[in-house]
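These are my notebook entries on a structure that I looked up.

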Amino acid sequence: MNNFKMKMNFSDRMFTFTIYVLLSLFFLMILYPLIFILSASISDPSAVVAGKVWLWPVKPTFMGYEAVFKHKLIGSGFLNSIYYTLFGTAINIFMTLLAAYPLSRRDLYGKNVIMFLFVFTTMFSGGLIPGYLLVKDLNMLNTVWAMVLPGALSVWNVIITRTFFQTSLPIELLEAAQIDGCNDFKFVWKIVIPLSGPIIAVITLYYAVDHWNQYFNAMIYLNKQSMYPLQIVLRNILIQNDVNALMLTDIENAAQRDALRVLLKYSLIVVSTLPLMLVYPFVQKHFVKGVMIGSLKG
Amino acid sequence: MKLRLNKIMRVWQLYILLSLPILYIIIFKYVPMYGAQIAFRDFTVSKGMWGSEWVGLKHFIRFIHSYEFGKIIKNTLILNLYNLLAGFPFPLLLALGLNYVRVRWFKKTVQMVTYAPHFISTVVMVGMLFELLDTRNGIVNNLLGLVGIQPINFMGNPDFFKSMFVWSGIWQSAGFSCIIYLAALSSVDPSLHEAALIDGASQRQRMWHIDLPSILPVAIILLILSMGSMLDVGFEKVFLMQNPLNLRTSEVIDTYVYKVGLVSQAMNYSYSAAIGLFKSIVGFILIITVNQIARKTNQASLW
């Protein structure tokens with residue numbers, strides 16, 4: 001209804017005003033904790049501990065960030081996370097396209113059976129222990145495979161991608177290609193993939209965010225520190241409060257050390273979240289598109 | 001017969017493409033389902049998965065009669081119902097509100113910021129909760145201190161656990177969840193609004209009588225469908241927020257399975273697998289039931 005101008009009487013004005021006020025309140029409630037954490041992360045540690053930081057940084061310092069970057073595991077965790085995310089997402093995209101295209105074809109014999117085989121796994125699963133034993137029996141514990149193979153395919157993303165193919169690849173395209181002697185492999189490689197840029201963007205983002213934020217598989221499948229992804233390192237520091245004393249050795253005073261530990265956590269939250277937050281505004285429209293395609297036939 | 005073979009042969013290349021995904025699904029999804037039979041055996045590492053003795057329903061009966069059973073089931077159901085019902089109105093209201101905002105930059109900014117928390121990982125989200133709600137130097141207790149309230153130990157008090165889980169979830173996902181409603185609102189026929197305007201309807205009336213009814217079906221279907229997955233919402237977050245102090249209200253089926261199976265001293269794969277299987281079966285029945293209901297009410301369903 002944005003298209004037509006309307007006369008606003010008093011009650012409409014009041015109504016609009018109320019909407020703006022409520023939305024602003026909600027907006028501030030979301031924004032405030034984010035700003036606070038950012039400010040706290042660059043404030044003086046003693047000011048943070050004493051509760052002097054409310055909105056803006058107090059006596060700005062980058063001590064927290066220095067401590068973060070000095071921490072050995074955080075660096076390696078970052079690199080591991082990048083590795084698992086890139087490798088895992090590449091496998092995801094490959095598998096999803098392989099599954100989605102044939103399932104989008106009406107002439108695929110046995111389509112419903114195969115589809116059922118896929119969808120059933122979203123409703124019923126063997127559970128945690130059998131899954132764990134499988135990974136163990138395949139000798140994948142403590143290997144990168146445990147991080148990328150168990151979740152190599154998400155059935156939801158296959159469904160979204162299939163819907164995209166069904167709605168945006170006209171059947172005439174296939175017929176024309178077939179008349180010209182194009183086989184299915186070639187058709188996928190030369191026509192389908194070049195035309196599915198938008199959907200590949202969407203599922204890449206979905207998969208990549210999942211990999212980046214994932215910690216549970218790493219927790220049960222990996223026990224070598226050198227292989228830990230960032231989220232596990234974060235969990236140890238933020239939640240289990242396991243701040244290695246070694247990295248704060250240059251500070252004598254116990255109270256100061258405590259304060260720096262708090263500061264380090266704020267900085268860590270910022271460092272680990274910032275990459276996604278910086279990328280996200282540019283890719284926001286793709287996420288939105290993904291939800292829309294998904295809602296066509298979820 | 002010949003015809004069928006013909007149909008298959010004509011698209012044999014599609015089967016080649018599908019072979020890898022199907023192999024994946026079989027190995028990583030169906031093999032564990034088959035492996036779930038250890039729930040009916042007494043699994044010992046020495047005898048392996050297939051050599052261990054059959055014990056029938058022993059582990060299930062043990063679970064149902066165990067001291068934990070009632071508590072875990074209750075926690076799981078209450079946490080998820082609370083989460084669903086409290087979380088339900090916010091995305092809806094946000095979408096209705098945003099739909100009436102005509103100042104583009106305002107709308108864009110609100111959307112940008114409210115969607116953002118969706119991308120915060122569970123670990124960081126819980127870490128933020130810990131920091132902001134800290135008893136000694138968290139901002140929330142500092143604010144409460146200003147109005148003279150004694151510091152509250154949010155994380156250590158079992159009575160707060162469910163509310164903190166639910167409301168931090170709303171903070172994190174209300175924005176992103178409203179996208180689907182905005183999509184539904186954008187497909188409302190403009191002529192309805194034009195007609196209402198001509199008849200002198202106010203904005204409030206149009207929201208109430210046009211916009212709300214047009215997204216309510218979507219909302220109700222989403223609500224019904226999410227009831228189907230009622231047993232497994234947010235395991236990762238529950239697990240991270242859990243500590244010995246709030247265990248009374250924070251122990252849910254999934255965390256219990258994990259502890260019994262992979263953490264406890266006497267690792268008991270079979271018992272843990274039995275609890276997991278129990279959950280899968282109940283969950284499956286729930287999804288089927290709920291989907292039938294959804295189909296009856298609105299033709300929309302998962303499949």
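**Entry 1. Helix H6 of chain A against helix H2 of chain B**

I then looked up the geometry: helix H6 (residues 128-137) of chain A packs against H2(B) at an angle of about 115 degrees, and their axes are 8 Å apart. Because angles of 65 to 115 degrees count as roughly perpendicular, I recorded H6(A) as roughly perpendicular to H2(B).

Which residues of H6(A) and H2(B) meet? On the H6(A) side I listed Pro130(A), Gly131(A), Leu133(A) and Leu134(A). On the H2(B) side I listed Val31(B), Pro32(B) and Gly35(B). Sorted by class, the contact of H6(A) with H2(B) has five nonpolar, two polar and no charged residues.

**Entry 2. Helix H4 of chain A against helix H2 of chain B**

I next turned to another partner of H2(B). Helix H4 (residues 72-104) of chain A and helix H2 (residues 12-35) of chain B pack at an angle of about 125 degrees, and I noted 8 Å between their axes. That angle makes H4(A) oblique to H2(B). I recorded the crossing of H4(A) and H2(B) as left-handed.

From H4(A), the contact takes in Met95(A), Leu98(A), Ala99(A), Tyr101(A) and Pro102(A). From H2(B), I wrote down Leu14(B), Leu17(B), Leu18(B), Leu20(B), Pro21(B) and Tyr24(B). The contact of H4(A) with H2(B) has 11 nonpolar residues, with no polar and no charged ones.

**Entry 3. The two chains together**

How many residues of chain B are in contact with chain A? I found 75 residues of chain B in contact with 79 residues of chain A. On the side of chain B that touches chain A, H2(B) gives the largest share, 15 residues. I also noted the classes on this side of chain B: 52 nonpolar, 17 polar and six charged. For the complex, the predictor gives an ipTM of 0.84 and a pTM of 0.85.

**Entry 4. Domains of chain A**

I then looked within chain A. It is divided into domain 1 (10-69 + 244-296) and domain 2 (72-226). Their C-alpha centres lie 32 Å apart. I found 10 residues of domain 1 of chain A in contact with 12 residues of domain 2 of chain A. Helix H14 (residues 254-296) of chain A supplies the largest share of the domain 1 side, nine residues. By class, this side of domain 1 has six nonpolar, three polar and one charged residues.

Asn157(A), Ile160(A), Thr161(A) and Phe164(A) of H8(A) make the contact with Ile199(A), Ile203(A) and Tyr206(A) of H11(A). I counted this contact of H8(A) with H11(A) as five nonpolar, two polar and no charged residues.

**Entry 5. Confidence**

Last, I looked up the confidence values. Chain A has a mean pLDDT of 83, and 92% of its residues reach 70 or more. Chain B has a mean pLDDT of 83, and 95% of its residues reach 70 or more.

Which element of chain A has the lowest mean pLDDT, and which the highest? The lowest, 75, belongs to helix H2 (residues 45-49) of chain A, and the highest, 92, to helix H7 (residues 145-148) of chain A. I noted that pLDDT stays under 50 over residues 1-5 of chain A, where the model has four contacts beyond four places in sequence. Where pLDDT is low, predicted coordinates should not be read in detail.

Terms used
Residues are numbered from 1 along each chain as its sequence is written. Chains are lettered from A and ligands numbered from 1 in the order in which they are written. This is a predicted model: local features need pLDDT of at least 70, side-chain atom pairs count only at pLDDT 80 or more; totals for chains, interfaces and linings use all residues. Domain bounds come from an automatic or database domain assignment. Two residues are in contact if their C-beta atoms, placed from the backbone, lie within 7 Å. Helices (H or I, at least four residues) and strands (E, at least two) are DSSP runs, numbered from the N terminus. Ala, Val, Leu, Ile, Met, Phe, Trp, Tyr, Cys and Pro count as nonpolar, Asp, Glu, Lys and Arg as charged, and the others, Gly among them, as polar. Axes are lines fitted to C-alpha atoms, for helices over the stretch in contact, and angles run from 0 to 180 degrees between N-to-C directions. Angles under 35 degrees count as roughly parallel, over 145 as roughly antiparallel, 65 to 115 as roughly perpendicular and the rest as oblique. A crossing is left-handed if the near helix is turned anticlockwise from the far one by less than a right angle, and right-handed if clockwise. pLDDT is the predictor's confidence in each residue, from 0 to 100.
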